[in-house]
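This briefing describes the structure shown below, topic by topic. Please keep the sequence and the model in view while reading.

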Amino acid sequence: MAAPDPIVPQTGSKQPGAAPPPATPGRSNEASSPMREAWGQFLKNRPAVFGLALLAVIVGLVLYGHFIFDADPYDIVWMPLTPPGEEEGIWLGTDFLGRDMFTGLMKGGAPTLAVGLSAALITVVIGITMGSLAGFFGGWLDDLLMRLTEFFQVLPALLFAMVLVTLFSPSLWTIAFAIGIVSWPQTARLTRAEFLRIRELEYVTAARSIGAGNGRIIWRVILPNALPPLIVSATLTIGVAILFEAGLSFLGLGDPNTMSWGLMIGQNRNYLLDAWWPVTLPGLAIFLTVFAVSLVGDGLNDAFNPKLRSR
Amino acid sequence: MADPLMSLRDLRVEFDTRHGRVTALSGISLDVMPGETLGIVGESGCGKSITALAMMGLVPNPPGHVTGGQILFQGEDITRAKPRRLRRLRGREIAMIFQEPMTSLNPVFTVGDQIAEAILLHQDVSRAQAEKQVVDLLATVGIPEPARRAKAYPHELSGGMRQRVMIAMAISCRPKLLIADEPTTALDVTVQAQIFDLMRDIQREFGVAIVLITHDMGAIAEMTDRVAVMYAGRIIEQGTSDQILDNPLHPYTRGLIGCIPVLGREAGDAASLPPLAEIPGIVPPLHLLGDGCAFAERCALADDYCRAVRPPLEEKGHPVACHHAGQGVPA
Amino acid sequence: MNDAPLMSVRGLTVDFPLGRGGLFGKPQMLRAVRGVDFDLAPGRTLGLVGESGSGKTTTAMAAIRLAPASGGQVMFDGADLMALTPGQMRQHRRHLQVIFQDPYSSLNPRDRVGAIVREPLDLMDVGDPAGRAVRVEELFTLVGLRRDQMALFPHQFSGGQRQRISIARALATNPRLIVCDEPVSALDVAIQAQILNLLRRLQGEFGLSYLFISHDLGVVQFICDDIAVMYLGEIVEMADRPTLFSRPRHPYTAVLLEAAPSLARRKSQGYRRQGIVKGDPPSPLNLPPGCAFASRCPQAQDRCRAEKPALRDTGAGKVACHFPL
């Protein structure tokens, strides 16, 4: 109501041929895209920036840690279940086979993150395709795709993933695929809702009125405007996928040939009563990663929400 | 002359925005006489809706703050009134109708229930008596088959019917002052005409004073006795409706009148009508207001003096705030 | 109207599906436009006037195939638009542009305004890239914007400026007809005047034809040469401006003129409105057999309720009423 709009000065009407008036001094005439404004808003959000920094540290250690601490995570370095700090050079202790926990955490992070990212990517690709087609074209196609979406949505996710992993080899890709298959319906519904909303806005009719075809309207006009909630949802999907992978590994359905945080938990869980660290430390790593991802996701959500922006 | 029903005395309202604290109303003074219709006119962002909310003691806080002046209702300063007293005044003595009647009504209750609720809140009557009053009220505001319509939900009524329901609710306790904030903006012209006629009838019947907030000079002509023209949080011209419409002194008022296409038979059958008067530019954002006249940037008469010194509201036939009042081409 | 019409619409009909009655029920249809005929002469402005639900916007959008029509013929420039393939229709769009009502939703918030104005040139493959850049600069100057604003995004402009951007986009391909869908109704009065003057100036400069949709008779009188008054999906009266405003023949037109606010109607002079219409329009799903306006018409007689009046020539215009004023 009284909150003034961030507007640049109006030039007023002019007769043809009149020179444009000079820009009024003291007012910003700099282009600021909605994305850049959202980024600026994100940077003002302390928890989100903390989450991003934490995520950067985790990703940095996981991807580049082995350049600094080069060791094989499968090497048996000391007595099994040595507590952290008891032996020099084995800061975080050893697991039930006597393998170094620290090296394991370093090496096991990359597959965990890779599964999370791939699963989120699969989710987004399937979800956006289904959702945008259903929302844009409507009619029988919408009915068909939404029934399909509902079918996948009511599948018991964990059970379905377990069946997939059991049927095919329990490789990281199978796991990522299984997670993606059970998580895309949510993204599809979100995309469809956004398409249904934006489809009715006048700039879509405007695009049609200047001769834009369906493909251009879907990709260039509607999708960019539908992205903000999808980015948020994709970010949170990464966290969910990491937890999912950990869950599968804990149940013994992980890839036994690839060191991952979930596998570490799964293999060491029988010794939990004797030694807390082989389970707790990878659990903590997963917790911190998911926590950081969630903070970033929440920050993005707030940054994209114009109602919060004016505060 | 009778005592004013409501008077604003040098009212100042500030808002916290991301540009810092801005002054939305700076020193508004005006009187509403019993039984009259006062128009407040201006473009969006000029502060007319804030003035209406202030009269109800409803300036949203945060981000708004009443930082100075008085709002006197029958001599009582409502800026100092306790919340309990304010709630009693609202609805019972002062009522308000809004621009969008759909969003002002609760969609999950019937309109009859909502009006009855308002009656029970302020009057010592039984539920049955209240329900009988509801039917009478709906008949008063010209709703056909009132007993049946009382059982309707808001979405089952047309926009005009909903605005009638809002008016019925507003007059349910015979208020002395009715504040109407753009009551017909969302309605079609034929329905707007019906609502205006209804408001006039209500005023004649109940003697209620009306404050009509509008951007439409046509509505001002048809509905009001006196007018205050607002710009950037100040009153810049004030007078009887005839004074303002026939002899506007402020260049902004002249612009507002001149930029409306004249209607119908009055325009004659000229082959081509002359271009409309224009007010270039837009209302300046409140955080960028300087020391001079807020209108100077858009004004054809403005000189360095205007940009440096803000003109006070002075009596020049009627009160107007302009160094060049009455100069230039009349509208 | 001495020239051959630029656009000629005959029997235009539009139906909207209203959802289904149950899973296997037949979809219910709402007839929003019911057999509309009109001609638009080159260089002139035809106003479509009516209240909400009159079908004025749907009529215009269906005529240029931005809404699906269920019947009728639209001749434009020698071609029947309804018979074109989607590809051919896209090519025709360079001659048929639109200015929308809401300046806040008609511009894609993700695009820079320079790109928005340029987009029709790119899509229609007009000229070479350098020529397009020059054309965009020209257009910005033409509508009263500065060239240095081209890199900004829509939300950095006020409503009036956004409407200027919309106008620049519509002008980009040198169209012959622009549909103006309530282009000023979302703007403050002072800004309305700026845009209306601009539209009139551009029409004179480029010989444009406008199909101008509005509910505001003052605006229509200022900008339109010919006016068609619509009520519940039909044209009830059509005439040139002086005729319609000085001598309305249809009771509904008279009621509209009477209802519109005007500076000359003063409370101080005890103004009371004559012939005010009562009630709301009937539901378009359940129209009476006779004249659609009969239920609200002060002059209605038995014949009006039984027999539907056709749009007849009166010499100075056309009117659909058994008892024209």
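How many helices and strands does chain B have? Chain B has 12 helices and 12 strands, where helices (H or I, at least four residues) and strands (E, at least two) are DSSP runs numbered from the N terminus. The model is predicted, so local features need pLDDT of at least 70 and side-chain atom pairs count only at pLDDT 80 or more, while totals for chains, interfaces and linings use all residues. Residues are numbered from 1 along each chain as its sequence is written, and chains are lettered from A and ligands numbered from 1 in the order in which they are written.

**Overall form of chain B**

- The radius of gyration of chain B is 21 Å, close to the 20 Å given by the globule rule for 331 residues, so chain B is as compact as a globular protein of that length. This radius is taken over C-alpha atoms, and the rule is 2.2 Å times the number of residues to the power 0.38.
- The C-alpha trace of chain B spans about 65 × 55 × 45 Å along its principal axes.
- Of the 331 residues of chain B, 50% count as buried. A residue is buried if 20 or more other C-beta atoms lie within 10 Å of its own, exposed if 12 or fewer, and partly exposed in between, with C-beta atoms placed from the backbone.

**A sheet and a helix in chain B**

- In chain B, 4 strands form an open antiparallel sheet in the order 2-1-4-5. Two strands pair if DSSP finds at least two bridges between them.
- Strand 2 (20–32) and strand 5 (76–77) of chain B are at the edges with a single partner strand each, so one side of each has no neighbour in the sheet.
- Strand 4 (residues 64–73) of chain B is joined to strand 5 of chain B by 2 bridges, and B:Leu72 stands opposite B:Asp77.
- Helix 4 (residues 111–122) of chain B has 12 residues and should span 16 Å at 1.5 Å a residue, which agrees with the 17 Å between its end C-alpha atoms. The expected span is 1.5 Å times one less than the number of residues.
- The buried residues of helix 4 of chain B include B:Val111, B:Ile115 and B:Ile119. These buried residues pack against helix 2 (83–92), helix 5 (127–140) and helix 7 (159–171) of chain B.

**Strand 10 of chain C**

- Strand 10 (residues 234–240) of chain C has 6 of its 7 residues buried, so it is largely enclosed by the rest of the structure.
- It is joined by 6 bridges to strand 9 (residues 226–231) of chain C, and the two run antiparallel; C:Asp226 has C:Asp240 as its bridge partner.
- The hairpin of strands 9 and 10 of chain C has 2 residues between the strands, and C:Leu232 takes a positive phi near 50° there.

**Contact between chains C and B**

- The contact takes 41 residues from chain C and 44 residues from chain B. Two residues are in contact if their C-beta atoms, placed from the backbone, lie within 7 Å.
- Helix 6 of chain C gives the most to the side of chain C that touches chain B, with 9 residues.

**Nonpolar cores**

- Of the 214 residues in the largest nonpolar core, B:Leu177, B:Val211, B:Val229 and C:Val229 touch the most other members. Such a core is a set of buried Ala, Val, Leu, Ile, Met, Phe, Trp, Tyr and Cys residues joined through C-beta atoms within 7 Å.
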